[in-house]
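User: I would like to go through a few local features of this model with you, taking one question at a time.

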Amino acid sequence: MFQSINPYTGAVIFEHQEHSAKDVENLINQTHHTFSQWKNFSFSQRGDLFRKLAELLRKGKETFAVLITSEMGKIISESRAEIEKCAWLCDHYAEHAEAMLKPEIFKTDAGKSYLRFDPTGIVYGIMPWNFPFWQAFRAAVPTMMAGNTFILKHAPNVIGCAKAIEQLFLEAGFPENAFTNLIIPVELSEKVIAHPYVEGVTLTGSQRAGSIVAAQAGKYLKKSVLELGGSDPYIVLKDAEFNVSCKTGVCSRFLNAGQVCISAKRFIVEEPVLEEFMEEQKRLLESMVLGDPMKEETEMGPMARPDLLENIENQVNRSVEMGAKILCGGKRRDDHSLFYEPTLIANVRKGMPVFDEETFGPVSVIIPAKDPQDAVRLANDTPYGLGASLWTKDLELAERLAARIEAGAVFINGMTKSDPRLPFGGTKRSGYGRELAYPGIREFVNQKTVWIA
């Protein structure tokens with residue numbers, strides 16, 4: 001039995017019965033049967049259904065936003081924005097999927113030769129709790145527009161969202177089990193990956209989870225895509241637009257109480273503006289309004305689970321023992337809630353948990369850089385490589401530095417984010433493969449060469 005527990009109130013709001021091993025087998029078989037029909041739908045037919053899905057998302061935005069906030073604690077305005085983004089994603093692929101998968105002509109000795117992109121079957125998505133609608137939609141929409149069917153295993157604390165998503169697909173008119181929700185413990189996940197009807201697996205989660213899933217996918221010769229988080233650098237050079245870079249940095253880091261894989265985590269600041277940057281960050285953090293995430297005036301809600309709070313607290317405490325200095329925050333509230341104060345840490349160096357590990361919570365670390373080259377060195381001094389932000393008025397320099405930053409995306413004078421129009425994914429231990437844009441829709445297709453004499 002899984003429980004949904006409101007992180008702000010501590011109340012149990014839902015209880016969910018797990019699917020048995022027999023249920024899993026039946027649902028996979030049903031999803032495979034639906035694939036035999038769904039793959040023959042035209043792009044126009046699929047697009048019409050996704051446009052209807054977008055319409056239902058916007059119509060029920062407030063209901064779905066309240067559900068997100070209730071289950072995982074992000075502030076209500078962020079939950080509304082998440083629903084809007086899901087609707088945008090549906091509309092985007094409804095409009096562009098056919099062009100993204102248009103056969104590509106190759107000039108050879110044949111009378112005609114081309115590459116076509118055919119659906120392969122069921123794709124299994126293992127998704128996290130921090131964006132409970134967006135993560136599921138980001139994986140499912142392009143995959144399904146390509147003609148595959150999709151099975152979702154969502155995080156145990158947001159099963160209410162998973163059920164709502166499955167119901168939305170049915171209400172929009174999709175065939176039953178084109179999108180299937182599995183409520184299973186992690187122990188049953190390998191059974192799904194191993195199933196002969198499952199052709200691929202996509203996971204967003206931790207390095208540990210990614211390593212396990214990659215090994216299982218390899219064992220059964222299944223295609224996999226992994227997005228495993230990051231320790232994203234936020235580089236501020238001395239000529240950056242100061243106020244904008246400060247405010248955007250706070251927005252990036254403390255969105256969703258800092259529980260974002262692609263948020264700014266390590267602030268690498270060129271020394272001439274270091275002290276001023278730290279003072280402004282401290283001022284902004286100390287003025288943040290914490291409280292009930294359902295209230296419009298709240299700027300940061302609680303963390304999603306007790307174990308997440310304990311982990312960020314442990315990372316900070318160990319780093320302080322090694323010489324890091326807390327400039328503000330640095331502790332949980334005394335009221336037994338899941339709030340961790342917005343925290344700013346200086347005197348950070350390699351070897352400290354807040355430098356080496358992904359800090360999944362409301363903690364910023366400040367690291368001085370001697371010059372732009374030193375900033376890039378520090379940015380790359382991590383096992384992760386998901387995203388990076390770089391702030392400077394010298395755009396030619398910025399592009400040269402961006403080419404040297406080891407990340408799946410570099411945003412110049414802007415915060416890192418996912419966008420349906422841009423490929424999303426990482427390098428190094430942040431995973432492999434891409435979601436979104438045309439690379440995302442081509443991950444789980446058979447790229448078939450056709451040669452005609």
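Predicted model: local features only at pLDDT ≥ 70, side-chain atom pairs only at ≥ 80, totals over all residues.

User: Is helix H13 largely enclosed or largely open, and which elements cover its buried residues?

Analyst: Buried here means under 20% relative accessible area, and in H13 this holds for Pro372, Asp374, Ala375, Val376, Leu378, Ala379 and Asn380. Since seven of the nine residues of H13 are buried, the helix is largely enclosed by the rest of the structure. The cover over these buried residues includes strands E10, E11 and E14 together with helices H12 and H14.

User: Does Gln259 count as buried or exposed, and which residue's backbone nitrogen lies 3.1 Å from a polar atom of its side chain?

Analyst: Gln259 sits in the loop between helix H9 and E11, and because its relative accessibility is 1%, it counts as buried. Beyond its neighbours within four places in sequence, its contacts include Trp129, Phe131, Pro302 and Phe360. The backbone nitrogen that lies 3.1 Å from a polar atom of the Gln259 side chain belongs to Ala304.

User: How are H2 and H6 oriented to each other?

Analyst: Helix H2 (residues 43-59) and helix H6 (residues 159-171) pack with their axes 9 Å apart and at an angle of about 125°. The crossing is right-handed, with Phe50, Leu53, Leu56 and Leu57 of H2 meeting Leu168, Phe169 and Glu171 of H6. By class, that contact has six nonpolar residues, one charged and no polar. From the angle it follows that H2 and H6 are therefore oblique.

Note on methods. Residues numbered from 1 in each chain as written. Heavy atoms only, no water. Axes fitted to C-alpha atoms, helices over the stretch in contact; angles between N-to-C directions. Helix = DSSP H or I, 4+ residues; strand = E, 2+ residues; numbered from the N terminus. Parallel < 35°, antiparallel > 145°, perpendicular 65-115°, else oblique. Left-handed = near helix turned anticlockwise from the far one by under 90°. Contact = heavy atoms within 4.5 Å. Nonpolar A, V, L, I, M, F, W, Y, C, P; charged D, E, K, R; others polar. Buried < 20%, exposed > 50% of the residue type's maximum accessible area, 1.4 Å probe, protein only. Polar contact = N/O pair within 3.5 Å; in protein donor to acceptor, adjacent residues only side chain to side chain.
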